[in-house]
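Please look over the sequence and the structure before reading on.

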Amino acid sequence: MASVTPPHSTIPVKSPESEYKGDTGTGEVKNHGLVDVALRAMLFITSLIGIIVMCSSKQTKLIPVAPGLVIPMAAKFSQSPAFIYFVLALSVSCLYSVITCVLSVLLLLKPIGSSTGLLFHFLVLDAILLAIMASATGAAGAVAYIGFKGNSHTRWNEVCNVFDSFCGHIAGSVSLSLLPSVSLLLLIWLSGFVLLKKIVR
């Protein structure tokens, strides 16, 4: 009696590599990409508003210097190197947010595997910009504090009792600059989280 050889099985066998590629968490990473775009848009908007508020802080007052003699004096952000540095940092943040937001949108249209290198660069650049923004905010905040409170030890008098509108703009811009810093901090955390998930996977 002739033996019947069973036909070769046609059931597809998944290789470990194909299983790995099939479980890439594409939807989850896409959601992270959308959050990344939203945070970079927030970075742009808050940085731009901070620039506008700071650059519109000019105020002119008539200051008495002698009995019957007053002279006009103007206060503006360009008179302080700390405020100039602050505006430059916000400008860099604004430009950077536009460039990285476009790249982040393009990243959503590419395969997930090609995003690792760009995410790492985002992580490094976001950290550098966060350091710049933190230093600029600290410098501007220190000068603004002197303007509001003065310093009795060095005999620096406060000026915000005279240039109230100017100081109000400065305080608003410095306070608003905390939002770009928070956005950058969240972006760093998000990029690190996504990279960690890719490594673990």
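## M133 and its contacts

In this predicted model, M133 touches A89, L90, S93, S177, P180, S181 and L184, when residues up to four places away in sequence are not counted. A second, separate core of five residues includes L107, L119, L190 and V194.

## The largest nonpolar core

M133 also belongs to the largest nonpolar core, which has 28 residues. M133 is listed there with M54, F83, F86, F166, I170 and L184 as the residues with the most contacts inside this core. Two or more residues each come from α2 (26-55), α3 (81-108), α4, α5 and α6 (178-200). Of these elements, α3 gives the most, with seven residues.

## Overall organisation

The secondary structure of the chain consists of six helices and two strands. Along the sequence these elements follow the pattern α-α-β-β-α-α-α-α.

Of the 201 residues in the chain, 34% are buried. The chain exposes about 12300 Å², and carbon and sulfur atoms supply 72% of that area. Among contacts in the chain with a separation of 6 or more, 75% are accounted for by residues 24 or more positions apart.

## The largest pocket

The largest pocket has a volume of about 330 Å³. Its lining comprises 20 residues, and those closest to the pocket centre are F83, V143, G147, V159 and F166. The elements that contribute two or more residues to this lining are β2 (69-75), α4 and α5 (164-176). The greatest contribution comes from α4, with five residues.

What kinds of residue form the lining of the largest pocket? The lining divides into 15 nonpolar residues, four polar residues and one charged residue.

## V143 in its setting

V143, one of the residues closest to the centre of the largest pocket, lies in helix α4, which spans residues 116-149. Is V143 buried, partly exposed or exposed? V143 has a relative accessible area of 32%, and is therefore partly exposed, since that class lies between the buried limit of under 20% and the exposed limit of over 50%.

Leaving aside neighbours within four places in sequence, V143 is in contact with S80, A82 and F83. F83 is itself among the residues closest to the pocket centre and among those with the most contacts inside the largest nonpolar core. V143 and I170 are 27 residues apart in sequence, and their C-alpha atoms are 9.7 Å apart in space.

Key. Residues numbered from 1 in each chain as written. Predicted model: local features only at pLDDT ≥ 70, side-chain atom pairs only at ≥ 80, totals over all residues. Heavy atoms only, no water. Helix = DSSP H or I, 4+ residues; strand = E, 2+ residues; numbered from the N terminus. Buried < 20%, exposed > 50% of the residue type's maximum accessible area, 1.4 Å probe, protein only. Contact = heavy atoms within 4.5 Å. Areas by Shrake-Rupley, 256 points an atom, 1.4 Å probe, with all protein chains shown as cover. 1 Å grid on protein atoms, 1.4 Å probe; cavity = no way out; pocket = protein on both sides within 12 Å on 5 of 7 lines; lining within 4 Å. Points joined across faces, edges and corners; volume = space filled by probe spheres on them. Nonpolar A, V, L, I, M, F, W, Y, C, P; charged D, E, K, R; others polar. Core = buried A, V, L, I, M, F, W, Y, C linked by side-chain atoms within 4.5 Å.
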